[in-house]
Amino acid sequence: MRSAHLTPMNPTLMKLRVLAAAFLLVGTASCDRELTLAPTDKVEESAAIVDAASARAALNGAYDALQDGSYYGGDFLFYSDLLSDDVQHTGTFSDFAAADANHVLADNETLLNIWESIYATIGVTNQLIARVPNVPNMDQADKDDIIGQALFIRALSFHNLVKLWGDIPMPLTPAASIAAASEIERTPVAQVYTQILADLAQAETMISNTDTRHATAGAVTALRTRVYLYQQNWQGVIDAADALEADYQLAPEYADLFTPDGNDTPEDIFRVSFTPVEFNDVGFYYLSRSFGGRWEVAPTTALRDTYGVSADPNYDPDTVQTRAAFNPVDPRAAWNIAYDSRNRIFGSKIPTPVGAEDIHVIRFGEVILNKAEALAQRNGAGDLTLAIAEVNRIRARAGVPLLNATGLTQAQVLDLVYRERRLELAEEGFRWPDLVRIGQALTVMNPDPANPDVEQYELLLPIPQADLDVSSKLVQNPGY
Amino acid sequence: MKRWRPGFYALAVLLSATSAALAQGTSIRGTVRDSASRAGVVGAQVQIVGTTRGTITDSVGEYIIRDVAAGTHSVRAQRLGYASATRTVRVNPGETAVADFAVNAVVPQLTEVVVTGYGTAQRREVSSAVATVQAQEISNAPVAGVDAALQGKAAGVQVIQNAGNPGNGITVRVRGASSISASNQPLYVIDGVPMIRDNYSQLDMAGQDVTAVTGISPDEIASLDILKDASAAAIYGSRASNGVVMITTKRGQANRPKLSINAYNGWQEVEKKVRMMTASEYVDFMFDALLQDGYDEADIPDQVGFDRTAATSTTNWQDEIFRPAPVRDVAVSASGGTDRTQYFLSGAHFQQDGIVIGSAYNRQNIRGNFDFKATNRLSVRSSLAFSREANQRNENDNTLDGVVTNAIATAAIFPVRHPDGSFTSTDDGLTYTNPVAIGTLDDAETRTYRGLGNVEANFLFNEKFNLTGRVGGDVLNLRDLRWNSPQIIGRYAASANGVAQQGNNTASRYITELFGTYDQAFGTNHLNATLGTSSEWNSSELEFMQGEGFANEAFRYPGNAGKITSYDGSRTGHNLVSVFSRANLAIKDRYFLNGSLREDGSSRFGVNNRYGIFPAASLGWMISDESFMSSLPRFGDLKLRASYGLTGNQGIGDDFAPLTRFGKANYSDAPGIAPSDIGNPDLKWETTAETDLGFDLFVLGGRVALLGDWYNKDTRDLLVLRPIARSSGFTSFWDNIGSMENSGYELGLNTTNLQPSTANGLRWTTDFNISWNRNRVTALYHDEPFNSGIRSVNRVEVGAPIGAFQTLVFQGVDPQTGDAIFKDVNGDGQITADDRAIVGSPHPDYWGGLGNTVSWKGLELRGFFQFSQGAEVYNAMRIFSGDGGFNLDNKFADQLKSWKQPGDITNVPRSSWDGTSGADLVSSRFMEDGSYWRLQELTLSYKIPQRYARVSQLDNASVFLSGRNIKTWTKYSGYNPDVNSIGSSANISLGTDFYAYPLARTWQIGLRGDF
């Protein structure tokens, strides 16, 4: 030490030491710091919802989840109709064929995709509901609006699940861990409804948004008419529907509701927005190939004939199946159903294969029909007449002759309400849950009761096998 | 960081211990070189005869004996495997005398230098499994990548060409596949820098992928060492499970300047065409398919879209898409240097047109390798290379718009063009897009610019300890540009008025390393120890754009498009920080102990399992040197080896799998985010535990060398995407589940059958290697099997090899009905998907290579056979072309033997338009024997006698004629049994031929020489 410092060091050696020290520095600057990288095209959970803008972005994420091709972008709607007598499978997807045949097994991929997309939507809302309250420096009204919309989307999604599957896993917070996610159990239907109504009650007072492509307070009330209908709370349906009368009315023309560019109408309550980039599959799957579609699904002739196909007294529905002869009296049939040049029936409600049409989740037309059904069910003094009056609002807009309530029994009125509901909401994903709800699924789907196509257990869909495999506490619906 | 301090302290201490011991006494120094290779001989004992004074040569063969008495000394250099050499040297007081030695190898193989990762060793001291391939074995192979050139050259290394398109991605498996979801390709290390290997192209070309391995020119390579077992590879830790290919590039020697040229020109043609039906055969076959189903002859044209007049003219679509194509390579290098400075400069141009229209590959490489000795202690060397690749690609394989695909699939009844010269199309009845139109009008180019290299400094503290610092990088920019012409009727681009895609991907890897080596001899024992640290930064950044709608075909960039329909831009990256150490101890030059330990920290893994430790140990025993063997007649040299170690695999695509993340989720053109991935903070490496037992036997002075190994690789904690309860809002997460096993034998035999007594005499050598590997999946998530691949035939099931073929079992054709008979596996009286069984394996039982070289005077004849036996090939083309007429595709001519009437005995079921005979069902009928022998290379070269060569200033000049893929002996009916249409990234969907691009047969004429 002593002498070395006094002796001038060989300059080369000196340089070497510097070099070696530099290498060492490079080496030691490493380890944990170098090994902790942040993703650049995604953001870590803890840094995702941190201010007003990112909270709003995460809310958009919840709507994006509704757009999924397995949710309101397609499969969820197709399955809700394929299982019924309204829509048939004409394409190549074996999972769709299974739904058409009411033979959906637990390993059905499309079923899994639908389940997955609904829970992915709930997953986003749970993140919002858990995290937005803690976002610093954010206006409370802004927070409420976001949380309220999240609660609405969650309630809508829980309802979509409960009506198809019965008891369901009902996560209310983001998954704490992979292990915790596997511990989930099914929540009984009644408890799910309690949660849905609680969410809606909260949402109604919180939402300030008025744009119908996002949830509004009106959308919350409208969803309540639907939920109450499932709960057979007739008075609740009527009250909620009445509350909406001031704010909404039917669109002048049925066709106005399904324009390619998603025009606003006074009937809109809540719709999922689509664009040519964020598109839905509905038009593409329904339209015939000559119209640019893939004709994967099509309306049935049973649906066609329910419209009353022709004013021609010589009309014979069994022989007349050509484009030229298809001349329905109900303009809604002409809008919803068409024939291509090879005389194949196809659905034309969504007019283009592009998929930029907005998809109505709830519109005022449905609210009126919900109310009509509740009135007929309540069957108080004058209720049957009132119910027919509601149905006639729908028929007047459609441009078909009005009904006369005189002398009709409750059962007859209910049948007319159910029929109108089928015609008005055809191809919009209502028929199967409605059939199950009103208890007609087995009679309608099994024309030959001795040889049933649909069995009692098939009124509920099976829990996807993939989830049963990873969650030991999940129990399959009976029969599967 | 804390945990690694000891390592750094150790290095720091070593560094600061820079003894100022430059005391210049009387000494003798020099270099011991191999007389043949001129390479330094490491670890030779240099001793002053009659004294105990001596030393051992260092890693470059140099030595210095200090403080010797002045005077004349007899100095002897000896090394096992070499004949000892003695020189007399005179030393003046205070001076340093030089005594260099050139020693002759007794058994040359034992002195071969093996690159081991952070160092080199002589073959005799290597106790693990390392295969070495010399440059001359792969030179002049008319293929783009060194991986393709390796086929058949080394035991334990299986190379699958996948397809024959120029610049295609190659599948390499070192001792079998060990992973389901992580990469199974080996790690490539070039001059010490782990090379970027993967596919960075964003074009979807079905199975025809590219890999970054093609960026290296085989012309630049001096040798390849393949670290096969865990004890050899564990020094590369978490990336070593699939073996490590160490590539060493050429370097200059201290010689007069040498200018070398190596050039060839070649002609390629398709090795084989498949016999398809002619127009009349096809028409008759399709009519038969409908008549068999009971259709009226008159109704048939309405069903199939043509009548019997369609048979009048026939198109051989294969003739229309195949072409003779040139291939050429010119490589020029200059090398030389002085004692202080050596250089190697090279440039190469490789140009290969494809044998299918519209495909081509070319590459330019330049390299400058410099070695510079700054002082007696400090040397600096650089290895720097730059390359440009341009790959003209077209689609084949699993696509509706493939050139080869549609040449097979399109019936011969259609002409290629209309009388006016325009292409026919689906409007004219073609079932698919016109393959000639695709090959002519479409364009897809993947162009890569790449810089790859490193600079390292080595400081010799004393003869025992030296320190190496290395900075390296591999940076590539890959640009994709694709044009789908609107003139091709019948696909989306026609209605969109042209589709253009442009992609850019910049991938980079930077590495810094510092390691010290300590080398000490204790009498007859020798210790060599290495300790070092390495940091590596990886990133890739991409952009992509797709535009549609073009004013005219002169515009082919998305910037000219009517609208942009797709775009992307993102970046990802991962880092790796490591410490590694190794010790080799040679006791009495007879027992070789080797231990290594690497600790890797990877950013890809969660905080709970971020660091992995990969230890390995091996033992070599030169049993033939034991005294108890000396009572036996000396038969040769025999070394026994045993090793065990752990290696890892971290090759998953997701760099952030431990993190729960939100990703883009836009709504109504407004930005949105939503949870996209649930993280697994416990994620860790796949770990492979490998045991290897082997021997090296050299007899007759090395004229017969036999290297054998048995190994067992047990891979556990497989990285897989595992499902999670969907009610969580997520679908899956990366986890460590399952295990897989590979075990096998390898043998390498090199013999010198005829050893000439003079340099010009007749010499005949044989190189043979053969490998057996058995792969078996031993555990899966819930042990649940799953399927993948075209029509889901590739099975992953416990007890079966990965990707085994699972289909219906075809048992023949019912002579009465003509229907296919399938085995009712579950005995329920029906044939359903539940009756599928394992019917074959895409993995060969054994494979290898056999080369023979005969030389006499200046003539040399070399033949190389490559073989693979016992694998099945899934000929998935038969789904459409062996389907009994269920589809309108053209049929293989062998389907003409179909059952026609009761009593016919055949193995081709009745034709059926409605698909009622079972001919269209995927079954073992589509599985074919994929065994083959291939005459891969035959080369005749002639060394021009010096007296003629001198005239043209040439030295060592030779000319050669060579053929590649000359003949394949196989029962496989398709183009090539060495196939996989799913591409080089496939782990499960193996052995599938779905319209893969065929191989070329090449004839080359070339010249090499030094000026």
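Two residues are taken to be in contact if their C-beta atoms, placed from the backbone, lie within 7 Å. By this criterion, in the predicted model, the contact between the two chains takes 58 residues from chain A and 59 residues from chain B. On the side of chain A that touches chain B, two or more residues come from each of several elements, including helix H2 (11-28), helix H4 (52-66), helix H7 (109-131) and helix H21 (465-470) of chain A. H2(A) provides the largest share of that side, 10 residues. By class, the side of chain A that touches chain B comprises 31 nonpolar, 15 polar and 12 charged residues.

Strand E1 (43-44) of chain A is also among the elements on this side. E1(A) pairs with strand E31 (residues 661-664) of chain B in the antiparallel sense, over 2 bridges. Within this pairing, A:Glu44 stands opposite B:Arg661 of E31(B).

The model as a whole scores ipTM 0.87 and pTM 0.85. For chain B the mean pLDDT is 90, with 96% of the residues at 70 or more. Residues 1-24 of chain B have a pLDDT below 50, and this stretch makes 25 contacts in the model beyond near neighbours in sequence. Where pLDDT is low, the predicted coordinates should not be read in detail.

The largest nonpolar core has 135 residues, and those with the most contacts inside it are A:Ala58, A:Leu128, A:Phe152 and A:Leu223. Helix H8 (residues 140-165) of chain A gives the most to this core, with 13 residues. A:Ala58 has contacts in both chains: residues up to four places away in sequence aside, A:Ala58 touches A:Ala48, A:Ile49, A:Val124, A:Gln127 and A:Leu128, together with B:Ile673 and B:Ala674. A second, separate core of 84 residues includes B:Ile300, B:Val327, B:Ala871 and B:Trp899.

H8(A) is mostly covered, with 21 of its 26 residues buried. At 1.5 Å a residue, the 26 residues of H8(A) should span 38 Å, and the 37 Å between the end C-alpha atoms agrees with this. The residue that follows H8(A) is A:Gly166, which has a positive phi near 80°.

In chain B, strand E25 (residues 499-522) and strand E26 (residues 525-548) run antiparallel and are joined by 24 bridges. B:Gly503 has B:Phe544 of E26(B) as its bridge partner. E25(B) and E26(B) form a hairpin with 2 residues between them, and B:Gly523 in the turn has a positive phi of about 60°. E26(B) is joined in turn to strand E27 (residues 563-587) of chain B by 23 bridges, again with the two strands antiparallel. Here B:Glu543 has B:Gly569 of E27(B) as its bridge partner.

B:Ser241 lies in the loop between helix H5 (230-233) and strand E17 (244-249) of chain B. A residue counts as buried if 20 or more other C-beta atoms lie within 10 Å of its own; B:Ser241 has 34 and is therefore buried. Apart from residues up to four places away in sequence, B:Ser241 touches B:Ser178, B:Thr647, B:Gly648, B:Asn649, B:Glu686, B:Thr688 and B:Thr715. B:Arg175 is 66 residues from B:Ser241 along the chain, and their C-alpha atoms are separated by 9.7 Å.

Methods
Residues numbered from 1 in each chain as written. Chains lettered and ligands numbered in written order. Predicted model: local features only at pLDDT ≥ 70, side-chain atom pairs only at ≥ 80, totals over all residues. Helix = DSSP H or I, 4+ residues; strand = E, 2+ residues; numbered from the N terminus. Nonpolar A, V, L, I, M, F, W, Y, C, P; charged D, E, K, R; others polar. Pairing = 2+ DSSP bridges. Expected span 1.5 Å × (residues − 1). Buried ≥ 20, exposed ≤ 12 C-beta atoms within 10 Å, placed from the backbone. pLDDT = per-residue confidence, 0-100. Core = buried A, V, L, I, M, F, W, Y, C linked by C-beta atoms within 7 Å.
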